[in-house]
Amino acid sequence: MTLEQARRAFAEELRFVGHLSEQRVVEAFAAVPRERFVGPGPWRIFHFADGYWTTPDADPRHLYHNVLVALDESTGLNTGEPLLWAAYFDRLGIHSGDCVLQIGAGSGYFTAILAEIVGRKGKVLGLEVEPRLAAEAAGNLALWSQASVRQVEGIVPVDGKWDVIIAFAGATAPPDVWIDALADNGRALIPMTGPERWGFMLRVDRRGARFAARPAGRVGFFPCVGARDVKEAAMLSFALGDAAGQQALKSLRRDRHQRDDTCWLHGDGWCLSKQELH
């Protein structure tokens, strides 16, 4: 099997296992060379039960499986799981020409995938806090003129409006600057994670001045620098014990109000609520 055939087989497997309906997502995974973004092999692969192991050699075909590849094993930082992100990109309905803001670009692999999905008329901006990764991503993305990476320090103001905002690191609350940057009918994915990195994916859809919200699956993520608070993490961990309440989420409220029975997670000036949008 050639490398191109391995890449195509990988994308088709993602389509089948992830029940993907968007052809643009499948084609993006078939087009982007993952080996460009993970350094020279052999590679360290993370397994949830066995920990890290090393590929037998530097054949890039080893990379075309649904595996996490180490970017910094000392801190547990890996590339994201392809199937997880393929499914999320598919459900978000990312269109040709969309503007996508990515929080946590890493080495740029999923930035390139997103760039393929939006096409040459779209735009993808990746924000990355780690200077080494930001520099590597910028070089890795040279083939995609619609994609760029900016090195930042924590949570920073966001210019413009974005059709899609996706965080690739865990927060304890939805940062205002991300929510404010959503265009009307924009969609956001924000991993909401507690002290042990585990939590759930929050999807937010902007409808004018209001925001629909719902859970989109259990996830585990590397912490997002600048988007974490110890008190908020504790509140989130407690709320996660109410699975029924989480599944009943309907909206992200941004008005100050007293906590009531509709509040699943009540923060300072925000609330994940079971209250319907009106």
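**Close-up 1. E35 and R7 meet through their side chains in a salt bridge, with N to O at 3.0 Å.** A salt bridge here is a side-chain nitrogen of Lys or Arg within 4 Å of a carboxyl oxygen of Asp or Glu. E35 sits in the loop between α2 and β1 (44–47) and R7 in helix α1, so the pair ties together parts that are 28 residues apart in sequence. Helices (H or I, at least four residues) and strands (E, at least two) are DSSP runs, numbered from the N terminus. R7 is buried, at 8% relative accessible area. Buried means under 20% relative accessible area, exposed over 50%, and partly exposed in between (1.4 Å probe, protein chains only).

This is a predicted model: local features need pLDDT of at least 70, side-chain atom pairs count only at pLDDT 80 or more, and totals for chains, interfaces and linings use all residues. Residues are numbered from 1 along each chain as its sequence is written, and side-chain values use heavy atoms, with hydrogens and water left out.

Close-up 2. E12 is partly exposed, at 30% relative accessibility. R15 is partly exposed too, at 26%. Both belong to a network of salt bridges that links R8, E12, R15 and E27. Side chains of opposite charge can pair when their charged atoms come close.

**Close-up 3. R214 pairs with D205 in a salt bridge.** The N to O distance is 3.9 Å. D205 is buried, with a relative accessible area of 5%. R214 is partly exposed, at 42% relative accessibility. The count for the model comes to 16 salt bridges.

**Close-up 4. The largest nonpolar core has 49 residues.** A nonpolar core is a set of buried Ala, Val, Leu, Ile, Met, Phe, Trp, Tyr and Cys residues joined through side-chain atoms within 4.5 Å. F29, W85, F89, I94, I113 and I166 have the most contacts inside this core. Two or more residues come from each of α1 (3–18), α2 (23–31), α3 (82–92), α4 (109–118), α5 (131–140), β7 (147–151) and β8 (162–167). Helix α4 gives the largest share, eight residues. A second, separate core has 35 residues, among them I165, I179, I190 and L252. In soluble globular proteins, nonpolar side chains tend to be buried together.

**Close-up 5. Helix α2 has V25, V26, A28, F29 and A30 buried.** The cover over its buried residues includes α1, α3 and α4. I113 is in contact with A28, F29, V32 and F89, leaving aside its neighbours within four places in sequence. Contact means heavy atoms within 4.5 Å.

**Overview. The protein has eight helices and 14 strands.** Its radius of gyration is 19 Å, close to the 19 Å that the globule rule gives for 278 residues, so the protein is as compact as a globular protein of that length. The radius is taken over C-alpha atoms, and the rule is 2.2 Å times the number of residues to the power 0.38. The C-alpha trace spans about 60 × 40 × 35 Å along its principal axes. Of the 278 residues, 51% are buried.
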